[in-house]
Every structure is written in C-alpha cells, then in structure tokens.
Amino acid sequence: MYKEWGEDEMNSMSIALDGPAGAGKSTIAKKISEIKNITYIDTGAMYRAIALKVLKENIDLENQDHIEKMLLSTKIDIKGNDIFLDGQMVTDEIRNPNVNKMVSHVAKILAVREKMTYLQREIASCKDVVMDGRDIGTFVLPNATYKFYLTASIEERAERRYIELKEKGFEVTLEQIKDEIQERDKMDMEREIAPLKKAQDAIEIDTTGKGIEQVIHEILKYLKE
C-alpha cells in the first residue's frame, strides 16, 4: 500500500498541474520549468512508457504476477524533455495512437500506480519541480506548494490532439480523437485509485480559446503572489 505523504517530506518547491487530456498541461508545464529553471516531470509520459512496454511485450493486463514482474525489471528515466524506457529513448514512440488507447487501462492498475507514485515523490522530495498529470495535487503531491487544474472544452482538446498527431504523421480523424478523449476522461474520472478530479485548493484555469502565453501569464501571476 502507499505510505502517507506528509509536509515533512517536502523539502523543495513543487507546482502541480492537473487536468484532462488535451488541456495543455504538458506544454504549459514545460514552459514553466524553463521560466522558473526547475525540473519538469511529465507523469503522463511515465505511464505511457509503461503502456508502450505492455504493448511491445503483449502483456495480459489481467495477469497481476506478470505485471509486477515486468515492473521490477522496468527502468524509467527523464532527461530534459526526453523519456527513456529501459535505456532507450521513447519520447516520440509513446505518442503513438495505440499507446493513447492503452494508457488509461494501464494507469488504473494498482501496482503500476504504486511504482509511478513512488518514483514521482522521490524526485519531488529533493528537487524544485513542476509536475503535470491527473492526480498530482490530490494524491501524488497533496502538499504541493502550488496547485492548478487546467481544463478546456472537449472540442478544443480534441482539435489540439488531432493537430499534434497529424503533424507527427499519424492517420487519424477528429471524430476518432474526440471519442477517444471522452472515453479516456470517463476512465480517468471513474477509476478506483486516485481518479482525475480538481483538488479543493487548486486554482482552476479554463484554457479554451487561450494561447499558451496567456495561460502561462495567469499561472506566473499566482506564483509571484
């Protein structure tokens, strides 16, 4: 089981950015990390890396023993804006549509969340970080220095993801992406372990119709205060 995460274990400044798929979390978090010169932790990429390994090794998600054995032999590293799985850079590979479909199924597995949460807390305990995900302010870092919840309309989130995938050469349709995002929202919000939700003390920012710089400006105002 998870150990409780208390204030005495936070020796650094942390910024938690939560929200659904396509709300702009990763893009905003990267920019904030550059501006504030702090470490960026893309927790979604960590789960995607596990999902990629599940796909590559054709692992049965119902086989708990197999999942746990796979996790014991799995190493995930984050260097700059790149993520490494077992020593191999997989930054682009984890954005594959097949990984998109698999990641929420993988993320709801207790053993997976335990390992990822442990790694994320270890990093945040000794470094100033900005961390984005779905349960950072509510579960991973409940005592984060700053908490934000980014959201946007389903139409805008689907459009953003559609453009991102098309630019990377994937053959997808806007309607397909919208359906996948809606399904992922449902799974993330309804999962039993650390579901997606806004922390009570988080500042909500609707990014619909807003540019990246506008959202960053809003967040920086709160950080200065």
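In the predicted model, strand β1 (residues 14-18) pairs with strand β6 (residues 129-133) in the parallel sense over five bridges; two strands are taken to pair if DSSP finds at least two bridges between them. Helices (H or I, at least four residues) and strands (E, at least two) are DSSP runs, numbered from the N terminus. L17 stands opposite D132 in β6. Residues are numbered from 1 along each chain as its sequence is written. Because the model is predicted, local features need pLDDT of at least 70 and side-chain atom pairs count only at pLDDT 80 or more, while totals for chains, interfaces and linings use all residues; side-chain values use heavy atoms, with hydrogens and water left out.

An open sheet of five strands has the order β2-β6-β1-β7-β8, with parallel pairing. The edges are formed by β2 (39-42) and β8 (203-206), each with a single partner strand, so one side of each lacks a neighbour in the sheet. From one strand to the next, the twist averages 20°.

Helix α1 packs on the sheet and touches β1, β2, β6 and β7 (146-151), contact meaning heavy atoms within 4.5 Å. The direction of α1 makes about 180° with that of β6. Axes are lines fitted to C-alpha atoms, for helices over the stretch in contact, and angles run from 0 to 180 degrees between N-to-C directions.

S33 lies in α1 and is buried, with a relative accessible area of 8%. Buried means under 20% relative accessible area, exposed over 50%, and partly exposed in between (1.4 Å probe, protein chains only). Not counting residues up to four places away in sequence, S33 touches I38, T39, Y40 and V130.

The axes of α1 (residues 25-36) and α9 (residues 212-224) come within 10 Å and cross at roughly 55°. That makes α1 oblique to α9; angles under 35 degrees count as roughly parallel, over 145 as roughly antiparallel, 65 to 115 as roughly perpendicular and the rest as oblique. The contact joins T27, I28, K31, I32, I35 and K36 in α1 to I212, V215, I216, I219, L220 and L223 in α9. Its residues divide into nine nonpolar, one polar and two charged, where Ala, Val, Leu, Ile, Met, Phe, Trp, Tyr, Cys and Pro count as nonpolar, Asp, Glu, Lys and Arg as charged, and the others, Gly among them, as polar.

K69 is placed in helix α3 (residues 64-72) and counts as exposed at 61% relative accessibility. The C-alpha atoms of K69 and N37 are separated by 37 Å, the two residues being 32 residues apart along the chain.
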